[in-house]
Each structure stands twice: as C-alpha cells, then as structure tokens.
Amino acid sequence: MRWILGDQLGPHFTDDLQPGDRVLMVESRRMFARRRYHRAKAHLILSAMRHRAADLGDLCVIVQSDSFAPALAEHRPTEVIDPTSHQARRFVREQPGLAVLPSRGFATESALFDQWSSGRGGRRLLMEDWYRLVRTTLGVLVNGDAPEGGEWNFDKENRLPPPKGQRTLGVHAPWHPVEDAIDAQVREDLDAWAASGEVSFIGDDNPRAFAATRSEALEVLADFVEHRLVSFGPYEDAMLAEDWSMAHSLLSPALNLGLLHPMEVVDACVAAYRRGEAPLQSVEGMVRQVLGWREYVWHLYWQSQPDEIPNALRAEVDLPEWFADLQDGQVTAACLSSALREVRERGWSHHIVRLMVLGNWALQRGYEPRQMVDWFGRAFVDGYPWVMTANVLGMSLYADGGRMATKPYASGGAYINRMSDHCKGCAYRPDRRVGPEACPFTAGYWWFLDQHREDLRGNHRMAQPLAGLGRLADRDLLISQEDARGSRAP
C-alpha cells in the first residue's frame, strides 16, 4: 500500500503501481486546525484529494482522521514518495516499516543541483547559470549548447508596462472549473468545522478558481497555451487593478498539487512555438518560470537548515492584523489594497504582485521573516514550505543576506506607477515622499535605506541609492513621518 500525500495527486505518483497494489490517502483535520489557512486553500486541497480518490476507485482507501498517526497505524502503508518539506520528511522516516521512495514531480534530480552547486568554487548560486545548465541538459530550446534564437533569456523584451488606457489586458479570460458534488461536500465539511470552532480560516469562500483534477489541469494548460501564452512574456511583470489574471497561466496550484508534471507544461509551450503559434520571448519566459525558478527554488530549499530562518536585516515587526487577515478595506494605498483583495478573494496573485507590492511592503516595514513565510504558506493556494522559504526569505525580504538576490527588491512608487494603473486613482502620489499625499512605498523606500544603510553599504548595486539618500533635503522630516506610521495601514 502506497501512502499518497496531498501534493502527490497526478498519475506520475502512481503509474508504477503493480496489480494488487493499493493507495492510502489521509485527510487530517488537525493540519487545518493548527494554523489559519485560507478557506480557498483548504477547499482546493480537500477537493483535489477527494477527486483523486474517486478517480482511483477501489484502488484507494481515503481516511478522514484527526491526525495521520491513527490512520497509518490502522492501514500500515508500506511505502511513500518522499514529501516536499523538512518536517514531513522527518515524520515519514519515523514511521516503522515505511519505505521512502525518491521524490517526484520535478524535472531535475538533486544530484544535478548538488554537482552544480558544489562546483561553484564559492561563487553565488545564480539562478541564471542553473537555468542554462538545465536547458542544455534537458535539450529545451537549444541547438547543441547554443540557445534558440541566440539568447538565453528575453527579460528585456518581457518587461512591458500595461497597455495605456486599458483597464484589462484584453486577452481571453482564463478557463474556469465548474464545481461538482465533491466540492459541495467539501464546502459542507469546512462550514461544519468552522461552526464547531475547531478550525478558523482567513479569506473568502468563493467558487473554486483553480484546477483540482487531472482533467481540469490539462484544460487549464491547453487554454493558456492557446489563448494567453502569446501575451504572457511581454506583460508578465505588468499589473492592472481590474485584471487579476492578466496573461498568466494559473498553473502553479496544479503543479504544486502534483496534478501536472513540469515537463508537460514546458513541452506544450515549446510545441506551440515550433508550430509558429507563440513567439520565442513568451515561450522562453514560461520555460524560465518552470525550469528556471521552480527547479532552482526546489533544490535550494533542501540546502537550507530545517528549523533555521535567516534574518540578515534583523526584521522583528509582527504582522499587523490588517495585513495578516487580508483586510484590504482598511488600506488606502490602491496597490496594496488591490493586492490584499486579490489574495482575500482567491488565495492567489501573480508573481509581481507578490514581490513588488506585498513583499516590497513587508521588506520596507521590517516584517519578521518567519511570520512572512508562514503567512504566504497559509494565504496562498500554491504556497508550500519548499516554495515560500527561498522566495520569501531570499527574493522578497533579503533575509538571507544576498544569497539569492544581488540587492534587496525594495522600490518606491515610481516602479509601481510604471508597471500598473494603481497610482492613477490613488489618494497618494508616487512622486511625493513627505506630506499627506506622500506615497507610502516611496517614503518607505527611503526610510528602509536609512534604517539599513550600514547593512547595505558594501553592496555596489546600492551605492547610487545610498548616495541619493544622503542628498535628501527632507530626510529628517521623512524619517520622523515614517517612524510615526508604525504598523498602521497605509
């Protein structure tokens, strides 16, 4: 009997079973009781597990239990595929008689990453170098050792701001799943748990927005490739207040549940390019997301210490309630209010909203890294420890001291104004740093630099911003203004 976990739901986790083998799945209510998850995340996980159990039919035993231990003791599974977190890996190795099979669901083996990282000779583990190795090794968009089109990446072409005057990107709306009887039962169970006081959620209970089955995941992939892949590359960093999905694939929840294998996504996108249906810059941008960042973050997670959360900038501010509980109505700043609303409604936002709005704000305000990793993991439907640890600590918060990013991803309102339409209707002005119309991100950027000027002084990429800080005529007024803001919603 193979024990299948809640993020191991695709066929590649069971296609090697032999006749007579069976599958065990365990729903643990305690998992949802320990932490306040987004309602949409809890729904998606339970729906996906129950749909998979229904697909497997008599091959599967699904057990609803307060915790894993009683179910494992009763059914005594003999094997499990290695889980995706340090904590889960410790747990499965403590179970007697349980063989642990190698992890699945990724395009590269840990041995390749270990060989690459150990051969760096002390140099930083740059994602770009890893990405090129992966493409060459797997033969994706390469001619021998040379990249297709003569360039390894098309980042310069893939940073367009949103089209002027448009409230949406104007691409085909993403395919949307239709809930069924299994979803109805999940919703009834979650309502009962919440009513009993056993479990508490954040976020809204809206209709399920993401794939929970293998067939739905394939539908989402096909829909993206046909209708939005063309526009994905140029506008992947753009934001529009009335267009939450833009041209993004919406595949991260399905990938992280194990419903799709990453090479299925890569192959579908590359095939569209070969057919002349999608430009190279968009296809390369998507390949970079999947084979570059996703694989890189996965392997980097296992080089971290299980219980160690770095805090290079000594950020110690507790997450304020309005942020932690997604109270977008308490926030005046249009970009931050929109970002929190997106997460409240769906448990999802695309990567630039996460990095340059939510993460940027948390970086500037010194939110404690452990709490931020936990929040992203609970509030996002695609959030898992292996995903969020490196992304939040390294990219968003610079808590790793520069292991991932060469400088902090802090920016003022000018970036948000250039890459979105949020500033047009906002009560704040991105070019103001003091006074009642001062943009909290612009003021917060300079305040952040002032707080950490000694930490950043040796970083050559920060030399110009720090010099600019020293020339601010209103520096003292700005510092006192932002000191007084505290944890109030901006």
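Tutor: Let us begin with contacts along the sequence. In this predicted model, among contacts between residues at least 6 apart in sequence, 73% join residues at least 24 apart.

Student: What radius of gyration would a compact globule of 490 residues have, and what does the chain have?

Tutor: A compact globule with 490 residues would have a radius of gyration near 23 Å, and the chain has 23 Å, so the value agrees with that expectation. Along the principal axes, the C-alpha atoms fill a box of roughly 75 × 60 × 45 Å. The secondary structure consists of 22 helices and seven strands.

Student: How many of the residues count as buried, as a percentage?

Tutor: Of the 490 residues, 56% count as buried. The accessible surface of the chain is about 20,700 Å², and 49% of this belongs to carbon and sulfur atoms.

Student: Why is the pair of Tyr 301 and Trp 302 called edge-to-face?

Tutor: The ring centres of Tyr 301 and Trp 302 are 4.8 Å apart and their planes stand at 75°; the pair is therefore edge-to-face, since planes over 60 degrees apart count as such. Tyr 301 is buried at 6% relative accessibility, whereas Trp 302, at 23%, is partly exposed.

Student: Which residues form one aromatic cluster?

Tutor: The cluster includes Trp 322, Phe 323, Trp 361 and Phe 441.

Student: How many disulfides does the structure hold?

Tutor: The structure holds zero disulfides. For Cys 335, the nearest cysteine sulfur is that of Cys 423, 6.3 Å away, and a disulfide would require sulfur atoms within 2.5 Å. Cys 423 is likewise in no disulfide, with the sulfur of Cys 439 nearest at 6.2 Å. Cys 335 is buried at 8% relative accessibility, and Cys 423 is buried at 16%.

Student: Where is His 452 found, and what does its side chain contact?

Tutor: His 452 is in the loop between helix H19 and helix H20. The side chain of His 452 makes a polar contact with that of Asp 455 at 3.0 Å. With a relative accessible area of 13%, His 452 is buried. Leaving aside residues up to four places away in sequence, His 452 touches Leu 313 and Arg 314.

Note on methods: Residues numbered from 1 in each chain as written. Predicted model: local features only at pLDDT ≥ 70, side-chain atom pairs only at ≥ 80, totals over all residues. Heavy atoms only, no water. Helix = DSSP H or I, 4+ residues; strand = E, 2+ residues; numbered from the N terminus. Buried < 20%, exposed > 50% of the residue type's maximum accessible area, 1.4 Å probe, protein only. Polar contact = N/O pair within 3.5 Å; in protein donor to acceptor, adjacent residues only side chain to side chain. Contact = heavy atoms within 4.5 Å. Rg over C-alpha atoms; globule rule 2.2 N^0.38 Å. Areas by Shrake-Rupley, 256 points an atom, 1.4 Å probe, with all protein chains shown as cover. Phe/Tyr/Trp six-rings, centres within 6.5 Å; stacked < 30°, edge-to-face > 60°.
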